[in-house]
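Here are some notes for a colleague who has not seen this structure before. Please read them with the sequence and the model open.

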Amino acid sequence: MKAETLTYLAEILDQLPDQWPKTRIHNIVFHGHSVPAGYFATPRVDMENAYPAVVRREVLSRFPFAILNFIVTAIGGEHSETGAARFEEEVLCHNPEILFIDYGLNDRMIGLERAEAAWRSMIEKALTKGIKVILLTPSWDNNFFRQNEDWKALEAHAELIRRLADEYGVGLSDTFAAFAKYVEKGEDAVNLLSHVNHPSRLGHELIAREITKFFLAR
């Protein structure tokens, strides 16, 4: 079963209210493709309005005495296989305590079987190091308006990520479901997109809201 949102990071969160000289550095890594990398309407990059930066600002406001390094190792255009290939050299080298993985949007390029193998590789390597892993389901793209095979594939990758979170007992930040809830309230999905496959500022804020549920102030 996936980890409980309110308790998964409890051991780390308990340390964040500590003040100097008891404080220590905590590294948080966001690994993935163009969305966490900060791409909006390609080729425009706006890292300060992408969800890792939105999360950083919110978490630091909740824990003003904490020393937190928010590190983005995401690369635009990448899928989970290439992310897994550089995982040890470019992710584990940062010694993260918390790791977010976000590749579902691009993993349609390699299919479910190859994506599952890549996600498992990264999850298992991280868990071996004692890292708290939180998986993200994909944000939406404009195939939502077509309800075509690409959209069905995106739904399937979201389900794969949910299943992996359950199997490994790690955290799940369900972006896909958060976008669905927004639309179910009668809002227009176009407001969530800045490009055919990149979120708008609002889309990034919705992603960040799901992530910051893990960081309840103690």
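This is a predicted model: local features need pLDDT of at least 70, side-chain atom pairs count only at pLDDT 80 or more; totals for chains, interfaces and linings use all residues.

1. The core. The largest nonpolar core has 65 residues, and those that touch the most other members are Phe100, Ile101, Trp119, Leu135, Ile211 and Phe215. Helix H7 (residues 149–168) gives the largest share of this core, with 8 residues. In soluble globular proteins, nonpolar side chains tend to be buried together.

2. Leu135. Setting aside residues up to four places away in sequence, Leu135 touches Ile101 and Trp119, among others.

3. Aromatic pairs. The whole structure holds 10 aromatic pairs. In one of them, the ring centres of Trp140 and Trp151 are 5.0 Å apart and the planes stand at 85 degrees, so the pair is edge-to-face. Trp140 sits in the loop between strand S4 (132–136) and H7, while Trp151 belongs to helix H7, so the pair ties together parts that are 11 residues apart in sequence. Trp140 is buried, at a relative accessible area of 5%, and Trp151 is buried at 3%.

4. Glu78. This residue is in the loop between strand S2 (67–72) and helix H4 (80–85). Is Glu78 buried or exposed? Its relative accessibility is 7%, under the 20% limit, so Glu78 counts as buried. The side chain of Glu78 makes polar contacts with the side chains of Arg86, at 2.7 Å, and Tyr103, at 2.6 Å. Beyond its neighbours within four places in sequence, Glu78 is also in contact with residues including Gly32, His33 and Asn106.

5. Helix H3. The 12 residues of helix H3 (residues 51–62) should span 16 Å at 1.5 Å a residue, and the end C-alpha atoms are 16 Å apart, which agrees. Its buried residues are Tyr51, Pro52, Ala53, Val54, Val55 and Val59. These pack against strand S1 (25–32), helix H2 (34–37), S2, strand S3 (98–102), S4 and helix H9 (201–212).

6. Ser194. The loop between helix H8 (175–184) and H9 holds Ser194, which counts as partly exposed at 27% relative accessibility. A polar atom of the Ser194 side chain lies 2.9 Å from the backbone oxygen of Pro199. Apart from neighbours within four places in sequence, Ser194 is in contact with Phe40, Ala41, Pro199 and Ser200.

7. Cis peptide bonds. Trp20 and Pro21 are joined by a cis peptide bond, with omega about 10 degrees; Pro21 is in the loop between helix H1 (10–13) and S1. Another cis peptide bond joins Thr42 and Pro43, where omega is about 10 degrees, and Pro43 lies in the loop between H2 and H3.

8. Positive phi. Asn95 is not a glycine, although its phi is positive, at about 50 degrees. It lies in the loop between helix H5 (87–90) and S3 and is exposed, with a relative accessible area of 60%. Gln147 also has a positive phi of about 50 degrees without being a glycine. Gln147 is in the loop between S4 and H7 and is partly exposed, at 43%.

Key. Residues are numbered from 1 along each chain as its sequence is written. Side-chain values use heavy atoms; hydrogens and water are left out. A nonpolar core is a set of buried Ala, Val, Leu, Ile, Met, Phe, Trp, Tyr and Cys residues joined through side-chain atoms within 4.5 Å. Buried means under 20% relative accessible area, exposed over 50%, partly exposed in between (1.4 Å probe, protein chains only). Helices (H or I, at least four residues) and strands (E, at least two) are DSSP runs, numbered from the N terminus. Contact means heavy atoms within 4.5 Å. Rings of Phe, Tyr and Trp (its six-membered ring) pair if their centres lie within 6.5 Å; planes under 30 degrees apart count as stacked, over 60 as edge-to-face and the rest as tilted. A polar contact is a pair of N or O atoms within 3.5 Å; within protein, one must be able to donate a hydrogen and the other to accept it, and residues adjacent in sequence count only if both atoms are side-chain atoms. The expected span of a helix is 1.5 Å times one less than its number of residues.
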